[in-house]
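Grab a pencil and keep the viewer open.

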Amino acid sequence: MEILDKQAFFETREKLYTLSRSLNIIKQRIQIAENDRKKCLITINELESLPTETKTYKAIGKMFVISPMSSLKVELKQQVQKDEEDVKGLINQSKYIDAQITDTERSLNELVRKK
């Protein structure tokens, strides 16, 4: 019986470690999406302050291509929407993983109390 308890303990501990790593990765992805969203919003605000006849450039890899200001604004607004949707999805994932972590910790505590 003791060998099974040890094995269950190690499996539960490994699952908890894996879930914690997944949660940290999701939190990093949320932060990256939030930063990208903020950059896009700042860029949109700066473009709004420029005259409409100003030449604007779009970065494509290491190259810059002349692009109409209106299309840049549209692309940036679409990126902001995409980032917001990504953050919502990632927050839902983090809540789910957080619940799994809580359940796994509860199981681990029960295994420790058995001994």
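Before we start, a definition: helices (H or I, at least four residues) and strands (E, at least two) are DSSP runs, numbered from the N terminus. Keep in mind, too, that this is a predicted model.

**Exercise 1. Find the place of S67, decide whether S67 is buried or exposed, and list its contacts.**

Step 1: Locate the residue. S67 sits in strand β2.

Step 2: Check the cut-off. Buried means under 20% relative accessible area. S67 has 11% relative accessibility, so S67 counts as buried.

Step 3: Look for partners. If you skip its neighbours within four places in sequence, S67 is in contact with T56, Y57, K58 and L72.

**Exercise 2. Stay with strand β2 and work out where F64 belongs on the surface.**

Step 1: Strand β2 covers residues 63–67, and F64 lies in this strand.

Step 2: Exposed means over 50% relative accessible area. F64 has a relative accessible area of 60%, so F64 is exposed.

Step 3: Y57, F64 and I66 form a nonpolar patch on the surface. Together these residues have about 370 Å² of accessible area.

**Exercise 3. Trace the salt bridges of R37 and say which residues are linked in a network.**

Step 1: Recall the idea. Side chains of opposite charge can pair when their charged atoms come close.

Step 2: Take the partner E34. Its side chain meets that of R37 in a salt bridge, 3.5 Å from N to O. Both E34 and R37 lie in helix α1, 3 residues apart, which is about one turn of the helix.

Step 3: Take the partner E84. The side chains of E84 and R37 also meet in a salt bridge, this time at 3.4 Å, N to O.

Step 4: E34, R37 and E84 are linked in a network of salt bridges.

Step 5: E34 has 23% relative accessibility, so E34 counts as partly exposed. E84 is partly exposed as well, because its relative accessible area is 34%.

**Exercise 4. How many salt bridges does the structure hold, and how far apart are the closest N and O atoms of D103 and R106?**

Step 1: The structure holds 6 salt bridges.

Step 2: In the one between D103 and R106, the closest N and O atoms are 3.1 Å apart.

Step 3: D103 and R106 both lie in helix α2, 3 residues apart, about one turn of the helix.

Step 4: Classify the two. D103 counts as partly exposed at 42% relative accessibility, and R106 is partly exposed with a relative accessible area of 46%.

**Exercise 5. Is K73 buried or exposed, and which residues does K73 touch?**

Step 1: K73 is found in helix α2.

Step 2: With 17% relative accessibility, K73 counts as buried.

Step 3: Leaving out residues up to four places away in sequence, K73 touches L47 and E48.

**Exercise 6. Count the aromatic pairs and describe the rings of F9 and F10.**

Step 1: A pair of aromatic rings is described by the distance of the centres and the angle of the planes. Ring centres must lie within 6.5 Å, and planes over 60 degrees apart count as edge-to-face.

Step 2: By this rule, the count comes to 1 aromatic pair.

Step 3: The rings of F9 and F10 have centres 5.6 Å apart and planes at 65 degrees, so the pair is edge-to-face.

Step 4: F9 counts as partly exposed at 25% relative accessibility, and F10 counts as partly exposed at 45%.

Methods. Residues numbered from 1 in each chain as written. Predicted model: local features only at pLDDT ≥ 70, side-chain atom pairs only at ≥ 80, totals over all residues. Heavy atoms only, no water. Phe/Tyr/Trp six-rings, centres within 6.5 Å; stacked < 30°, edge-to-face > 60°. Buried < 20%, exposed > 50% of the residue type's maximum accessible area, 1.4 Å probe, protein only. Patch = residues over 30% accessible without salt bridge, like charges linked within 9 Å, V, L, I, M, F, W, Y side chains within 5 Å. Areas by Shrake-Rupley, 256 points an atom, 1.4 Å probe, with all protein chains shown as cover. Salt bridge = Lys/Arg side-chain N within 4 Å of Asp/Glu carboxyl O. Contact = heavy atoms within 4.5 Å.
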